[in-house]
Amino acid sequence: MLAALLAVAVLANALLTNRPLQGYSMYQIEEIATLPETPELADVRRYTEIGAGEIPHLRGARDDLDASAQPLKLGWLYRESGILGLPYWAENVSTLPALYIDYGDAYRYAGVGPRQVSLLEEKAGRPVLRDYEFRWYRHVWGWLFPLAIGLLILLWRKEARAREEAMWALDSAEAA
C-alpha cells in the first residue's frame, strides 16, 4: 500500500512539476512581495522591464501569459539543483533582492542595490523586506522521496523478519 502511494506521488510530481526531469542546476527566484501598480512605481517597472537578466522557466513556456498584465514582484535569487523533477539542493546566491516580472517563458529581473532598498520601500509605501531571510531548507523537499523509499525498505525487511521468526516458531512447536 505504501509502495503504491509512493509510486503515485513520484508519478504525479513528474507530470505536474515545472522542473526538468533530467538533472538540473538553475537559478530560481523566490517571491517576497507583489508590489502595487502605482504611478510611483512606474519607473521601477520600466527599470525591471529593461532588466539585468532573465531566468528561464525550468520546464516549458506559458504562452497564454500577457507580460504587460503581470505584476511587478520583489524576490530573492537562489540556485536550485535536482533530478527527476525533485529539488535536492538550494543555495543562496545573492545578498540583496531583485525585482522581477514573469514573461511566460522567463522571469526578467533587475537587481536592487543597497541604497535602492529604502527608496523602493518608500515608493511602495511599506517595508517590503522586513525580516526576510532566505530559507534554503524549504527548497530541498526532494529528499522526502528517497527517505520514504528507505523507510519502505526497512518496513519490508522488518515484516519479512517477523514472518520468518513466526515460521520458525511454528516449526519448533510442531517438532516438539
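How many of the residues of strand β5 are buried? In this predicted model, in which residues are numbered from 1 along each chain as its sequence is written, local features need pLDDT of at least 70, side-chain atom pairs count only at pLDDT 80 or more, and totals for chains, interfaces and linings use all residues. Side-chain values use heavy atoms, with hydrogens and water left out. Helices (H or I, at least four residues) and strands (E, at least two) are DSSP runs, numbered from the N terminus.

In β5, 5 of the 5 residues are buried, so the strand is largely enclosed by the rest of the structure. Here, buried means under 20% relative accessible area, exposed means over 50%, and partly exposed lies in between (1.4 Å probe, protein chains only). Both faces of β5 are covered: Ala98, Tyr100 and Asp102 are buried on one side, and Leu99 and Ile101 are buried on the other.

The pairing of β5 with other strands was examined next. Two strands are taken to pair if DSSP finds at least two bridges between them. Strand β5 (residues 98-102) is joined to β6 by 5 bridges in the antiparallel sense, and Ile101 stands opposite Arg108 of β6. The two strands form a hairpin with 3 residues between them, and Gly104 in the turn has a positive phi of about 95°. Strand β3 (residues 73-83) also runs antiparallel to β5, with 3 bridges joining the two. In this pairing, the bridge partner of Lys73 is Tyr100 in β5. Strand β6 (residues 106-111) is in turn joined to strand β2 (residues 53-56) by 4 bridges, and β2 and β6 run antiparallel. Within that pairing, Pro56 stands opposite Ala106.

Glu54 and Arg108 meet in a salt bridge, with an N to O distance of 2.6 Å; a salt bridge is a side-chain nitrogen of Lys or Arg within 4 Å of a carboxyl oxygen of Asp or Glu. Because Glu54 lies in strand β2 and Arg108 in strand β6, the pair ties together parts that are 54 residues apart in sequence. Both residues of this pair are partly exposed, Glu54 with a relative accessible area of 44% and Arg108 with one of 22%.

Helix α2 (residues 42-50) was then considered. Val44, Arg45 and Thr48 are buried in this helix. Seen down the axis of α2, the buried residues fall within an arc of 100°, so they line one face of the helix; the arc is that of the directions from the helix axis to the C-beta atoms. These buried residues pack against β5, β6 and α3, where contact means heavy atoms within 4.5 Å. Just after α2, Gly51 takes a positive phi of about 70°.

A search of the whole structure finds 7 salt bridges. One of them is formed by Arg138 and Glu30, whose closest N and O atoms are 4.0 Å apart. This pair links distant parts of the chain: Arg138 is in the loop between α3 (116-124) and α4, whereas Glu30 is in strand β1 (residues 24-34), 108 residues apart. Glu30 is buried, with a relative accessible area of 10%.

Another salt bridge is found within a single helix. The side chains of Arg163 and Glu159 meet at 3.0 Å, N to O, and both residues lie in helix α4, 4 residues apart, about one turn of the helix. An α-helix has 3.6 residues a turn, so residues three or four places apart point the same way. Arg163 counts as exposed at 52% relative accessibility, whereas Glu159 counts as partly exposed at 47%. Elsewhere, salt bridges that share partners join Glu37, Arg45 and Glu49 into one network.

Helix α4 (residues 144-175) also contains Glu164, which is partly exposed, with a relative accessible area of 44%. Glu164 and Asp105 are 59 residues apart in sequence and 56 Å apart in space, C-alpha to C-alpha.
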